[in-house]
Amino acid sequence: MMNRNKNFGRNLLTFAVVIAAYAILQPMVLAGSVSATLKGMLVPICAYVAMALSLNLTVGVLGELSLGHAGFMSVGAFAGATTAIALQQAVASAPLRLAIALAVAAVFAALVGFLIGIPVLRLNGDYLAIVTLAFGEIIKSIFNNLYLGLDDRGFHVSLLEDRTGLAEEGRMIIAGPMGIGNIPKIASFTGGFILILLCLAVIFNLVNSRQGRAVMAIRDNRIAAESVGIPVTKYKMMAFVISAAMAGAAGALFSLNYSTVVANKFDFNTSILILVFVVFGGLGNMLGSVIAAAALTILPEALRSFSNYRMLIYAIVLILVMLATNNPTLKMLIGRTIPKRKGAAESA
Amino acid sequence: MGFLGFLISGISLGSIYAIIALGYTMVYGIAKMLNFAHGDVIMVGAYICFFAVSKYHLPPLVGVLAAMAVCTALGIVIEKLAYKPLRQATSLAVLITAIGVSYFLQNAALLLWTSSPKVFSNPFIRQTVNEAGKKIKITGFQLFDGQLRISYVTVVTIVVCLVIMAALVLFTGKTKMGKAMRACSEDKGAAQLMGINVDTTISVTFAIGSGLAAIAGVLLCSAYPTLVPTTGSMPGIKAFTAAVFGGIGSIPGALLGGLLLGIIEIMAKAYISTQMSDAVVFLVLILVLLVKPAGLLGKKVREKV
């Protein structure tokens, strides 16, 4: 009972931080008192936060390292942008179209996650990581060579070269390495905010449920979990598919913020970037993921005054933080102060 | 003849992957960490050799030696500064640090040497005088009445790879340090109790891996001559894949994995599709791992309950 209360408090704090950030930023955006750079970054930040939450579900809660998470983002980005373009006439309201695009993207990414999960989740540890990396690269290659057109006879798909045979008035949606162009920029900060809240709600509900406890039992000791009758593959798959769906929705949000999107945007480096957010924020710590994703997306922009040196500084900060957080002396110092705080929380 | 030509260039590319994969596999075997900065050490090695040869007009062999010296030192420094403090940390923390080092090397290279591509001059050429008395450069030789062209780089790459492999097998099998390495990869704690200096052993492993990376960098840029700060990352990922393919931690596995990966990549480019060759490579990797989850030559570790 005690434990549930503690979780509940932390979950509430996470929601409070996200809502407070929105409540402060949204009026400022409406009033126009936010710099153009920050305003342009709000939606990508939301997308990265959702990505970090999604990956934290896989790495922190499920305990499997995924190095190909950008692949799901890619599937979501392409599915979402395609949906938004296809529904441009049918659905007039932009927010509704955004919601539909995000939902379609989540479904597609979940489907891909399921298909990839069948082979991937049979493996363990570093081998699982390398296979997710491989799938990420395969997805990138496929989207780089995919041609998808839409005319009044429906969708036309071809791989490698443009053999779609579109009618005159048809529209080429995905043009191989050129990606998708002329995307309606319907993504909004509010939409991103709602997506983050949804992701948080799903994760917290999952973690506090019977299924979530089974997933975490598998993470802590797979053999022990199996021996008490937990169907390991089923629960691993469940967490993986949910994570993929979130990544898909985040990808759709990301793509609908730009007028063009190409497959190479979602490469290995993007997967790594998201992983950095998750590890920085702390495994299994959702508030940490939210803050780390937002801070590390802004950091390179904030360092813009250092122009060429900014990525160098970013790298140094990354290394130093990892060294500092894993330093035994520092850990001991923090360990001395933290129990006091914990004691205070328990007595309150 | 086409097939034979593709096979030879596949083996050549595979040899480069194998040399890089050795760095990954040795470090993984001993330190149990994925050293993602390894690909960028390759890039540094290639740049050092490029400047030694084109700017200071040193002979290519001296350039290669200089690159090896710098990369070896770099490997040791990286290990001491970034990885050694994390010996007790989780593997994920070490992974992120390695990524940080990789970013650092790439961006330092970007600042030092700019993003404009350097054209690496092929050191493996022979100069002769043709009938008209003009100097010409010959980059390779021909077999079967000119039906099969083999460049000197290809031959040198394959020979160098085989020599390195033989030397490493001898080194790990016969020398004291080699035995210490094998002992450390088996059980670090027990090795320490037997009087082996684990820290030195790990440093030596990094030094050897980085020195090999320098050679791989020079060979890679001799075969594919554009050099930019991100040159190392894709071959790094591929070589890492090769190491896993052959069974990570196993030196013959790195050779086998590297060669197969190179051949598959060139064959896929030749017969299936140029753009989709990477996808084919990774698909084969996935299929192999599904059948043999520890790689081709990897040891299957029994789970103890």
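**Exercise 1.** How much space lies in the second largest pocket?

**Solution.** The model is predicted, with local features needing pLDDT of at least 70 and side-chain atom pairs pLDDT 80 or more, whereas totals for chains, interfaces and linings use all residues. Residues are numbered from 1 along each chain, chains are lettered from A, and side-chain values use heavy atoms, without hydrogens and water.

A pocket is an open set of points on a 1 Å grid over the protein atoms alone, where a 1.4 Å probe fits, with protein on both sides within 12 Å along at least five of seven lines; lining residues have an atom within 4 Å of a point. The volume, the space filled by probe spheres set on the points, is about 1200 Å³ for the second largest pocket. Of its 47 lining residues, N269(A), T270(A), L273(A), M311(A) and Y103(B) are the closest to the centre.

**Exercise 2.** Characterise the contact of chain B and chain A.

**Solution.** Contact (heavy atoms within 4.5 Å) involves 44 residues from chain B and 41 from chain A. The two chains bury about 3700 Å² between them, 81% of it on carbon and sulfur atoms; this is accessible area (1.4 Å probe) lost on being put together, summed over both.
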